[in-house]
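Please look over the sequence and the structure first.

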Amino acid sequence: MANLRSLTKHFICACQLLLLLQAKVFCSQYKVGDLDAWGIPTSANPQVYAKWSKNHSFKLGDSLLFLYPPSQDSVIQVTEQSYNSCNLKDPILYMNNGNSLFNITKPGEYFFTSGEPGHCEKKQKLYIAVISGNGSAALAPSYGPSALPDTASSPSYTTVFGNIPQPPSSSPSLGFPLFVTAVIASATWGIINARI
């Protein structure tokens, strides 16, 4: 009887662990450029955004945070062609509040530049590739028209603009999935104890 209880406890713990692992989804918020704010790259680090994007792997649910003085700059999402030619006309998305958050809702390639004239030509632009469900992603290219792959048509971009979320706590919140797991485990444990 004691062995059955011990085995049951271990089984329930294993089931809870599996449920928790399946329920956890980790998304990250990335400050574009890390320590550097969104702005014209310095002469000491002219490829700051190219290097930054190469050192990060982006996935669905992640977000990009562009920080800049709103009176001096902005961020626009553009097509690949507009990115290559630094064409600021007809952006896909225009953000100018100084704390611009771009939520990644679809895999693919995304192109951003400053909305201020002359900034794109000074390398204030960002290309990212977002991995798809199968884990594949294109690598971030070096800046310049010849460095980007040619495509026959511009990809479709789904964008979502939202408020700046609160900084993450030291431990991730599992919320509802943890509660459901706890209720199921407690009910199962109660039923098993009643029968033993």
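## Pairing of strands 1 and 2

The model shown here is predicted. In it, strand 1, made of residues 29-31, pairs with strand 2 in the parallel sense, over 3 bridges. Within this pairing, Gln29 has Ser63 of strand 2 as its bridge partner.

## Pairing of strands 2 and 5

Strand 2 also pairs with strand 5, residues 99-104. These two strands run antiparallel and are joined by 5 bridges.

## Leu64 in strand 2

Leu64 belongs to strand 2, which covers residues 63-67. Is Leu64 buried or exposed? Its relative accessible area is 0%, and buried means under 20%, so Leu64 counts as buried. Strand 2 as a whole is mostly covered, with 4 of its 5 residues buried.

## Contacts of Leu64

Which residues does Leu64 touch, leaving aside those up to four places away in sequence? They are Tyr30, Val32, Trp52, Phe58, Ser100, Leu101, Phe102, Phe112, Leu126 and Ile128.

Positions apart in the sequence can be compared with positions in space. Leu64 and Ser28 are separated by 36 residues in sequence, while their C-alpha atoms are 8.6 Å apart.

Note on methods. Residues numbered from 1 in each chain as written. Predicted model: local features only at pLDDT ≥ 70, side-chain atom pairs only at ≥ 80, totals over all residues. Heavy atoms only, no water. Buried < 20%, exposed > 50% of the residue type's maximum accessible area, 1.4 Å probe, protein only. Contact = heavy atoms within 4.5 Å. Pairing = 2+ DSSP bridges.
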